[in-house]
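Here's a quick walk through some local features of this protein. Have the model open as you read.

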Amino acid sequence: MSDQLVCVTRRVPDPGPLLDRLPARGGVAWVLGGDGLVGAGEALRVDAGPGQHRFERARDAYAAFVSRLDVDDELEAPGSGPVALGSFTFAERSVGSVLIVPQVVVGRRGSLSWVTRIGTAEQVAAAFVGDPLPPVLHPEHAPEADRPRHAGASIPDVRWLEAVAAAVERIELGEVEKVVLARDVAVWAEAAFDPRVLARRLHDRFPGCATFLVDGLVGASPEVFVELLGRHLTSTSLAGTAARDADPVADAALGAALLASTKDRHEHALLVDEVAGQLEQRLAAVSHGAEPHLLQLDNVQHLATRFVGELRDDDDASALDLAAWLHPTPAVGGVPRGAALALIDELEGLDRGRYAGPVGWVDARGDGEWAIALRCAEVTGARARLFAGAGIVDASLPEAELEETRVKLRAMRSAFAG
């Protein structure tokens, strides 16, 4: 039997809900609307380690692996062929960045559905005999006895309020214009949490968000900041948040107030200027709306701006390269970037891990989609950490920013509660 690995992609009938194809353990997923990728097994796992070159190490290891494959991809669509799903830490010093090429992937994009398998020629040929799709699995919801229990936060609320107040003072001194401060909440249960259940609940509640599951990081992000298809880039940035209301009139009033808010419009303008400046260094032309629009989710609404452009002729960047280039965006770091990151290190008091880092996928052609890991949790057996953050500017009120994080945390709390 030959040890040469092959990668075969074949078109298949519509597989139904993609998250139902996740394996009982160790699966990866990226689902946005009805499209996406779910994978099982690990043909390649790159633990990229800490440091500023973690993205490059992952990219180079993936490229070397693909170069050794015998690829037979009858679709050559975005996400078909050997595809890697990954998540990266927010900070350079943190460990946990990972890029995974699954052995089996079920994908869908529009009317196209496919299965990709990696293995020896004999293994792959046998797997495509009969029904090539992996089985549908319906994980049961956690029983009531295993409801999550609150285990506290890394930083007490009063300390976080003090950090916000200190950040406002530093902004008033002119050290930074905006800084994002995050906080976490720990939960536990008597039995291990099932990330598949969490992912399905999040996808059902937030179908317009990118639901992801990579190595225990599970969430639903509204902020896809890199979508590269061919040479065309789309990037969405969010800054400025308000709650939702079940009453349509009250909800419309909240949205109108957010659009008219001097504080939130200022925060959003800082983000737009910074992101546009970064994109202009890599794209031949960048365009975006003159005014932000409302992005309304189940529990919150944001000010949003969408950027579009084309890669320069001399730039062969992949989607992963662009995610590394843009990270951290002002939505999760601040303005200016260097000073804001230094202030986060000084005031925040926690290791974000992969929260607010890039999470997504890239294929061998360089196409891909990457979101900022927001509305997420790091799950380890029967323990989990939930995260949320808030953008601090000169008009920020500590109590209002704390309440904003509480509203954002409800998305993940609801997924654990069922």
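Let's start with alanine 356, which sits in the loop between helix 8 and strand 20. Keep in mind that this is a predicted model. Alanine 356 isn't a glycine, yet its phi is positive, at about 70°. Most residues other than glycine have a negative phi. Is alanine 356 buried or exposed? With a relative accessible area of 1%, alanine 356 is buried, because the cut-off for that is under 20%.

Arginine 354 is in the loop between helix 8 (337-347) and strand 20 (358-363) too. Its side of the story is a charged residue that is buried, with a relative accessible area of 4%. What does arginine 354 touch, not counting residues up to four places away in sequence? The list includes Ser87, Phe88, Thr89 and Phe90, along with Gly96 and Val98. Val214, Asp215, Gly216 and Leu217 are also among the residues arginine 354 touches, as are Ala373 and Glu378.

## Aspartate 215, one of those partners

Asp215 is worth a look of its own, as a residue touched by arginine 354. Aspartate 215 lies in the loop between strand 12 (210-214) and strand 13 (217-221). Here's another positive phi in a residue other than glycine, near 55°. As for the surface, aspartate 215 is partly exposed, with a relative accessible area of 35%.

## Two cis prolines

Most peptide bonds are trans. Histidine 327 and proline 328, though, are joined by a cis peptide bond, with omega about -10°. You'll find proline 328 in the loop between helix 7 (319-326) and strand 19 (334-335).

Further along, a cis peptide bond also joins valine 335 and proline 336, and omega is about -10° there. Proline 336 is in the loop between strand 19 and helix 8.

Strand 9 (residues 112-120) is largely enclosed by the rest of the structure, because eight of its nine residues are buried.

Strand 8 and strand 9 form a hairpin with two residues between them, and glycine 110 in the turn has a positive phi of about 65°.

## Helix 3 against helix 9

Two packed helices are described by the angle between their axes and the distance between the axes. For helix 3 (residues 157-172) and helix 9 (residues 398-417), the angle is about 125° and the axes are 9 Å apart. That makes helix 3 oblique to helix 9, and their crossing is right-handed. On the helix 3 side, the contact is made by Asp157, Trp160, Leu161, Val164 and Ala165. Helix 9 brings in Pro398, Glu399, Glu401, Leu402, Thr405 and Arg406. By type, the residues of this contact are six nonpolar, one polar and four charged.

Methionine 412 is also found in helix 9. Methionine 412 is buried, with a relative accessible area of 1%. Leaving aside neighbours within four places in sequence, methionine 412 is in contact with Leu202, Val218, Gly219, Arg375, Cys376, Ala377 and Leu386. How far is methionine 412 from valine 129? The two are 283 residues apart in sequence and 40 Å apart in space, C-alpha to C-alpha.

Methods. Residues numbered from 1 in each chain as written. Predicted model: local features only at pLDDT ≥ 70, side-chain atom pairs only at ≥ 80, totals over all residues. Heavy atoms only, no water. Axes fitted to C-alpha atoms, helices over the stretch in contact; angles between N-to-C directions. Helix = DSSP H or I, 4+ residues; strand = E, 2+ residues; numbered from the N terminus. Parallel < 35°, antiparallel > 145°, perpendicular 65-115°, else oblique. Left-handed = near helix turned anticlockwise from the far one by under 90°. Contact = heavy atoms within 4.5 Å. Buried < 20%, exposed > 50% of the residue type's maximum accessible area, 1.4 Å probe, protein only. Pairing = 2+ DSSP bridges.
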